[in-house]
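Thanks for coming, everyone. Let me put the structure up, and then we'll walk through it.

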Amino acid sequence: MLIADSSKIELIDTHAHLDSADYSEDRAVVIARTFAEKIGVITVGVDLESSKAALKLAQHHRFIWAGVGIHPHEAKTFDAQVAKQLRKLSADPKVVAIGEIGLDYYRDLSPRSTQRDVFVKQIELANDLDLPVIIHNRESTKDMLAILRKHRPKSGVIHSFLGDIDLAGEFMDLGLYLGIGGPLTFKKNDILRDAVSQIPLDRILLETDSPYLTPVPYRGKRNEPLYTRYVAEEIAGLKDIPSEEVTKASTQDAYLLFSLQDKARQTTQVGCV
Ligand SMILES: [Zn+2]
């Protein structure tokens, strides 16, 4: 059995940004109600500073884990020193992934050639450290697939997957999981719903991307890990199975990909929740 702590945690939000300034007023309250609903969280850095903040949150809460990495928007800030720092942070057992890394040709906030270069370097770092990658891909699928085929990550997830079943197949052939979040509940996303109805449960991870991408019925408001349940319910409806089945399978997937069990054991701290 993979889940040693299933009495405590029923669901994992595998992608949130709990260090975001959007939570500066009430972060402790948001985290408390997340745990009260038996939801654990992987909080993900986007630059060096937020990666440190993510790890700090993880160190203080048993059911929060961290991803550390440089987002494609921030790729221009990556250098040997940053790589060294990421490696150092990753020595902490609460760091369970390198991410959020990838390509974003929609906003183009770093030059595309820099994005590609920094993405490859961080895949290599993750492989070297035996950690999964958390991948961001926006309007960059052609280059994304080319890079993934050439520089195969050992394991990882395509965060906020929004494509059709053919693209899902391409990523699954590379051994990757698909992160499904709030956009699944948006009216326009029939192609994504069709894909998710066909993607096997053992390839799906639930996520929110909090504070962004809030699912219906809270769309337009700030997102938070608590709303992971709306994503689970939508998937259950599409597959015509009980919501608990989605919850159980996706949580096992998360424990398996991110090796959460061992890390929860190692880092139980007195005085932390
Ligand atoms: Zn994100």
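First, a caution. This is a predicted model. Please keep that in mind throughout.

So, the overall picture. We have ten helices and eight strands in this protein. Along the principal axes, the C-alpha trace spans about 45 × 45 × 35 Å. How does the radius of gyration fit with a compact globule? For 273 residues, such a globule would have a value near 19 Å. The protein has 17 Å, so the two agree.

Now the inside. Buried residues account for 56% of the 273.

The accessible surface is about 12000 Å². Carbon and sulfur atoms contribute 50% of that. On charge, there are 34 positive and 39 negative ones. Their mean positions are 4 Å apart.

Let's zoom in on a strand. Please find β5, residues 133-138. This strand is mostly covered, with five of its six residues buried. What is the sense of its pairing with β4, residues 95-104? The pairing is parallel, and it runs over five bridges. Here is one bridge you can find on screen. Glycine 102 has histidine 136, in β5, as its bridge partner.

Start with glutamine 122. Its helix is α4, residues 112-129. Is glutamine 122 buried or exposed? The cut-off for buried is under 20% relative accessible area. Glutamine 122 has 0% relative accessibility, so it counts as buried. What is glutamine 122 in contact with, leaving aside neighbours within four places in sequence? The list is Gly69, Ile70, Phe78, Leu86, Ile98 and Ile101.

Then go to alanine 36. This residue sits in helix α1, which covers residues 27-36. Buried or exposed, for alanine 36? Exposed means over 50%. Alanine 36 has a relative accessible area of 61%, so it is exposed. One distance to go with that. Alanine 36 and aspartate 108 are 72 residues apart along the chain. Their C-alpha atoms are separated by 39 Å.

To recap the two residues: glutamine 122 is buried, and alanine 36 is exposed. And once more, the model is predicted. That's my part. Over to you for discussion.

Notes
Residues are numbered from 1 along each chain as its sequence is written. This is a predicted model: local features need pLDDT of at least 70, side-chain atom pairs count only at pLDDT 80 or more; totals for chains, interfaces and linings use all residues. Side-chain values use heavy atoms; hydrogens and water are left out. Helices (H or I, at least four residues) and strands (E, at least two) are DSSP runs, numbered from the N terminus. The radius of gyration is taken over C-alpha atoms; the globule rule is 2.2 Å times the number of residues to the power 0.38. Buried means under 20% relative accessible area, exposed over 50%, partly exposed in between (1.4 Å probe, protein chains only). Accessible areas come from the Shrake-Rupley method with a 1.4 Å probe; for residues, only the protein chains shown count as cover. Lys and Arg count as positive and Asp and Glu as negative; His and the chain ends are not counted. The place of a charge is taken as NZ of Lys, CZ of Arg, CG of Asp or CD of Glu. Two strands pair if DSSP finds at least two bridges between them. Contact means heavy atoms within 4.5 Å.
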